[in-house]
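Have the sequence and the 3D view side by side as you read.

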Amino acid sequence: MTNPIHRRKPHLMLELPSSFRSSLYLSLSLSPNPVKHTLTHNARLTLESYFSELQKLSITLFGLMAEALKMDKIEIEGMFEDGLQSPEQVIGLTPHSDATGITILLQVNGVKGLQIKKDGVWLPVKFLPDAFVVNLGDIMEILSNGLYYSIEHRATVNSTTERISIAMFINPKIEGEVGPALSVTNSKNWPLFKRVLQEEYSRDFFSRKLNGKFFLEQMKIKAGQGQPN
Ligand SMILES: O=C(O)CCC(=O)C(=O)O
Ligand SMILES: [Fe+2]
């Protein structure tokens, strides 16, 4: 989703009949992109300024999280700098956590449907008017070495009311690495997750079906394998 189109495998995520769910993937920073040519000039400018504002918002959010986690702000910003961005329209999604740093969601037409799993129970998300919903993704759980949890969520559909949600996925730059931040790990606080290239991480993620937090589990270092960064 946050990767060049040729690396994406959105068909792996389809769990519902296509009449119930449609997706539009856009990548504003990469070419070739078959979708962007279908946008009018004005629509493209509007989307570009929308996502550029969201990129600024995500830097602010990362700064606040770095402060809360006592993490080096430069380390986290450096990881996401130039991270590829893409909006997505989704109707209906199976339970999963996002493979992102954070995901910024806008519920366009106010139709409810997003649910999060808390203590094993699915709860509907109530949206404040004029507010975004920010989901913590798996990369934030890895980066914080488990101090933050990525949220498992799903989106429900119904056959009468269309629901439109636009998601912006904030990911590390493709040539970077995914792993616990050096500033939160040491010989007393060993890394709980493996360190891999972002390219490898996203390739593996997109080669599987969305399935709860299963992919994050694969990133955990098994007993006896852990060592300080
Ligand atoms: O439909 C939504 O609001 C959530 C979409 C979502 O979870 C995703 O695209 O990863
Ligand atoms: Fe998601």
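## Ser97 and the iron site

Ser97 counts as buried because its relative accessibility is 2%; buried means under 20% relative accessible area, exposed over 50% and partly exposed in between, with a 1.4 Å probe and protein chains only. Ser97 lies in the loop between strand 3 (93–96) and strand 4 (102–107); strands are DSSP runs (E, at least two residues) and helices are too (H or I, at least four), numbered from the N terminus.

The side chain of Ser97 forms a polar contact with the side chain of Asp138 at 2.7 Å. A polar contact is a pair of N or O atoms within 3.5 Å; within protein, one must be able to donate a hydrogen and the other to accept it, and residues adjacent in sequence count only if both atoms are side-chain atoms.

Both His96 and Asp98 are buried. These two, together with His153, coordinate the iron ion (ligand 2), and the donors follow the spacing H-x1-D-x54-H along the chain. Donors are N, O and S atoms within 2.8 Å of the metal (3.2 Å for Na, K and Ca); water is not among the atoms, so sites may look incomplete.

| Residue | Donor atom | Distance to the iron ion (ligand 2) |
|---|---|---|
| His96 | NE2 | 2.1 Å |
| Asp98 | OD | 2.1 Å |
| His153 | NE2 | 2.1 Å |

The protein averages a pLDDT (the predictor's confidence in each residue, from 0 to 100) of 78. The complex has an ipTM of 0.97 and a pTM of 0.74 from the predictor.

Residues are numbered from 1 along each chain as its sequence is written, and chains are lettered from A and ligands numbered from 1 in the order in which they are written. In this predicted model, local features need pLDDT of at least 70, side-chain atom pairs count only at pLDDT 80 or more, and totals for chains, interfaces and linings use all residues, while side-chain values use heavy atoms, leaving out hydrogens and water.
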